Amino acid sequence: MTRFFCFKAVTLLLLGVNLSGCASFNNQQDPLESINRTVFEFNEAIDDKVLEPVARGYKWVVPDPIEMVVGNFFSNLNDVVVTANSILQLNFSSALASSTRVLINTTFGMLGMIDIASDISMASDIDISKRNEDFGQTMGHYGIASGPYLVLPFLGPSSLRDAVGIGVDSFFADPVTTGVYLNSIDAAIRIPVGGARALDTRAQLLDVEKTLEEAALDKYEFIRDAYLQRRHSLVHNGNLPSSDEAE
């Protein structure tokens, strides 16, 4: 469960999408809506009964500085995925920035627990700020359509293209999950680490969840539309085609 409920994606949606102007997507992008809503309700029930209480306990027990250290560590691991996909997209400036982040934070930042690279980026003209790339975006970069919207059990909002992307990243690029399906010894280490990452991600979004509840008349529809808009923007690196900007 490398992206348990995709809560980190929902955070990006809330921060990156204009809540008041989030137009509903045509249902042609969600032909499986009835099934998706059933899976969505299942995910919500699991979150209400398991994930959210555990996350609140984690927030209560773990001091804020330790939470930040844990978040930085997992962010550093994600930069490996970003670097790999930047190379696949021939986006060498992003690949250089992300690989530099990994090098600096892993060596001088105590295996990524201290995000020195972001501090350097903010304090200088050197742009090694955090990027966002994955294999779903890589496929979109080369013209592969997103396909129908999907809500994945435990993993949350996705699309046919992004679901494939999650599998490819998990198997080949993500340091936490690469090889976990092949080596039982590695799995004994990687699975708990993946669980810790999911817990850390969920804990970071406890404060955001209230905003989501207040903003959405239909929570399912809001998350769907925001997810699809955000992913479309990420594929184009924020440089949307003129037709999309007009719309």
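Trainee: What does the secondary structure of the protein come to?

Mentor: In this predicted model, the protein has 11 helices and 2 strands. Reading from the N terminus, the order is α-α-α-α-α-α-β-β-α-α-α-α-α.

Trainee: And what share of the residues of the protein counts as buried?

Mentor: Of its 247 residues, 45% are buried. The accessible surface of the protein is about 13100 Å², and carbon and sulfur atoms hold 65% of that. As for contacts between residues at least 6 apart in sequence, 69% join residues at least 24 apart.

Trainee: Which residues of α7 are buried?

Mentor: Arg161, Asp162, Gly165, Ile166, Asp169, Ser170 and Ala173. They sit on the same side of α7, because their arc around the axis is only 160°. The general idea: an α-helix makes a turn every 3.6 residues, so residues three or four places apart point the same way.

Trainee: What covers the buried residues of α7?

Mentor: The cover includes α3, α6 (135-141), β1 (149-152), β2 (156-159) and α10 (219-235).

Trainee: Now a loop residue. Is Gln89 buried or exposed?

Mentor: Gln89 lies in the loop between α3 (64-88) and α4 (92-107). The cut-off for buried is under 20% relative accessible area, and Gln89 has 5% relative accessibility, so it counts as buried. Leaving out residues up to four places away in sequence, Gln89 touches Glu133, Asp134, Gln137, Thr138, His141 and Tyr142.

Note on methods:
Residues numbered from 1 in each chain as written. Predicted model: local features only at pLDDT ≥ 70, side-chain atom pairs only at ≥ 80, totals over all residues. Heavy atoms only, no water. Helix = DSSP H or I, 4+ residues; strand = E, 2+ residues; numbered from the N terminus. Buried < 20%, exposed > 50% of the residue type's maximum accessible area, 1.4 Å probe, protein only. Contact = heavy atoms within 4.5 Å. Areas by Shrake-Rupley, 256 points an atom, 1.4 Å probe, with all protein chains shown as cover. Arc of directions from axis to C-beta.
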